[in-house]
Amino acid sequence: MSYTLTTPLYYVNDRAHLGSTYTTLACDAIARYQRLCGQQVTFITGCDEHGQKIQRTAEAAGLSPQAHCDQVSAGYRHLWQRWQISNNRFIRTTDPRHCRLVEQFFARVEASGDVVEGRQQGWYCVACEEFKDDPHEAQDPECPIHRKPLEWRDELNLFFRLSRYQHQIEELIRRPGFIAPASRQKEVENFVAQGLRDFSISRIDLPWGIPVPGHPGHTFYVWFDALLGYLTALLQSDESNSGNNPNQDQALELDQVLLRGWPAQLHVIGKDILRFHAVYWPAMLLSAGLPLPERVFGHGFLTREGQKMGKSLGNVLDPEVLLERCGGDAVRWYLLRDIPFGEDGDFQQQRFSDLVNNDLANTIGNLLNRTSSMARKWFAEAVPPAGAATGSNHPLAQAAGQAVSQFRGAMDRLEFRPAAEAILQLATTANGYLNERAPWSAMKQPGQEQQVGSDLYAVLEASRLVAVLLAPLLPELSARMLHQLGQAPFASSTSMHGESSWTASLAWGGLPAGLTLPQPQPVMQRLELDEPL
Ligand code: MSP
């Protein structure tokens, strides 16, 4: 019943932008969903703080690398709190415990005979922190992702003998479900089919890194160091009970990760770093005798005007501004409901506000608001008697049952779009039902009160289910809706697990008749974006 999932550990070369926020929001939805289903979730995020890129950025800012990292990673931590991200861990790769873990891991890899000296020549992208295998024939090759010149490198380094794992990696990446979505599998298969080459895991003359024991002048290659952050994170205490940390003082022991949530069920990353997670990382784990993660999900890029949104390209949307101007629910909805998870998505402001206003403010928000107002007016400010509406063959009971099963199936497959559509469909059906039953006219006719009560009950109950299903995707809107229905919100607690009240609350008929309904308040503000974001 334990479920470990991770975001990438973000570089601290700059503040977070909407791209990293997207990955983190998606993981938050998964983490919340798994907790609501009763799993004990460890949701890991954090920052990747070593390497040349960071060193250069700090120099340019006139700061020591450590001071720079402290500043930017504090910004990430604060940002995720503001977005109500429910991470259980926040790992920084400059944490001294992490450095010790990297040393232990390296010792194992060395003992397996997988570390050799070699010469690395090639074109390097500092922004990717990666050698590029086939830069275009151009005289001044540039990185296709960052549009920045590649740098020629010729170094004596330590190499990890990736080539020894050719066969095991081939088998691994063929395993159904290891690489998701399935469309990304082929790309990795092609890369592996070319023959895996050893890769360098140390750098010389790069002081901003973890020193390699026994190899003076070498520091670890930032990716070798960073991937291990997922393991160190498991040995930290939970974010929800910092201050009370029995494990912090214990000797750090790599094998303890096996008792604390390793192997991970899921690494969520952007497609740019799939190779590191689906090829290099598993081989490193095999070398150290540790089990492999179950799944690597490579999602697409957010683009703006068709170009990858990125810090290096300077076309980013600022998540602080978005949160301030639009609120977390709106952004979560747009990103999860409109972009098929796994594919690229272009951020379009008009579409963003249209979807938020149509789906959340009108279809979902107004439905609750007007139904609750009618119920309060005609039924003593309370949920009306249900009459026949609690029956499982009521049309809205049927629609709700369908929405629940579609939603759960989609969430289990990490398909946020159909999950969101299932919720929306239920709200649309309930709106249709309300319009068809027209309680405002029926109420004017004598003897119709019972029927009107039953109709309003059914629509309120459908709204309750909409709110319950929204809990993992839009936790704040869900809480506001539940409040309007006199219900407690679902705890966003990072430690919640066990017998799930959420699953139980998915059954039709859970809204108690006679419950007092609070004064209706709009649950979702409309977005009026005059200025570009
Ligand atoms: N530090 C490495 C990851 C190490 S993991 C052990 C790194 N960091 S990063 O800051 O560059 O973050 C890359 C990730 O941020 C992508 O894989 C993706 O998850 C997210 N995104 C960055 N730009 C993005 C978009 N434009 N669109 C969607 N996601 C983007 O790589």
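Predicted model: local features only at pLDDT ≥ 70, side-chain atom pairs only at ≥ 80, totals over all residues.
In which helix is Thr-23 found? Thr-23 sits in helix α1, which covers residues 18-36. With a relative accessibility of 4%, Thr-23 counts as buried, and if we set aside the neighbours within four places in sequence, Thr-23 is in contact with Pro-8, Tyr-10, Val-268 and His-299.

Next, please turn to two pairs of helices. Two packed helices are described by the angle between their axes and the distance between those axes. For the pair α16, residues 449-470, and α17, residues 475-484, the axes come within 8 Å and cross at roughly 150°. Angles over 145 degrees count as roughly antiparallel, and α16 and α17 are therefore roughly antiparallel to each other. Their crossing is left-handed. Which residues meet here, in α16 and in α17? From α16 we have Ser-463, Arg-464, Val-466, Ala-467, Val-468 and Leu-470, and they meet Pro-475, Leu-477, Ser-478, Met-481 and Leu-482 in α17.

On the α10 side the contact is made by Leu-322, Leu-323 and Cys-326, while on the α11 side Gly-328, Ala-330 and Val-331 take part. The residues of this contact divide into 5 nonpolar and 1 polar, with no charged residue.

Let me move on to the cysteines.

Now for some details of the backbone, beginning with the peptide bonds. Ala-180 and Pro-181 are joined by a cis peptide bond, with omega at about -10°, and Pro-181 belongs to the loop between β7, residues 179-180, and α6, residues 185-193. A cis peptide bond also joins Trp-262 and Pro-263, where omega is about 5°. Pro-263 can be found in the loop between α8, residues 229-235, and β11, residues 266-270.

Staying with the backbone, I would like you to look at two phi angles. Arg-147 is not a glycine, and yet its phi is positive, at about 55°. Arg-147 lies in the loop between β5, residues 130-132, and β6, residues 151-160, and with a relative accessibility of 48% this arginine counts as partly exposed. Asp-205, although not a glycine either, has a positive phi of about 60°. Its place is in the loop between β9, residues 202-204, and β10, residues 218-220, and Asp-205 is exposed, with a relative accessible area of 73%.

Finally, let us compare distance along the chain with distance in space. Asp-154, in strand β6, is partly exposed, with a relative accessible area of 37%. How many residues apart in sequence are Asp-154 and Gln-120? They are 34 residues apart in sequence, while in space their C-alpha atoms are 5.6 Å apart. Leaving out neighbours within four places in sequence, Asp-154 is in contact with Arg-119, Gln-120 and Gln-121. Gln-71, by contrast, has its place in helix α3, residues 65-82, and is exposed, with a relative accessible area of 53%. The C-alpha atoms of Gln-71 and Gly-365 are separated by 39 Å, and these two residues are 294 residues apart along the chain.

Notes
Residues numbered from 1 in each chain as written. Heavy atoms only, no water. Axes fitted to C-alpha atoms, helices over the stretch in contact; angles between N-to-C directions. Helix = DSSP H or I, 4+ residues; strand = E, 2+ residues; numbered from the N terminus. Parallel < 35°, antiparallel > 145°, perpendicular 65-115°, else oblique. Left-handed = near helix turned anticlockwise from the far one by under 90°. Contact = heavy atoms within 4.5 Å. Buried < 20%, exposed > 50% of the residue type's maximum accessible area, 1.4 Å probe, protein only. Nonpolar A, V, L, I, M, F, W, Y, C, P; charged D, E, K, R; others polar.
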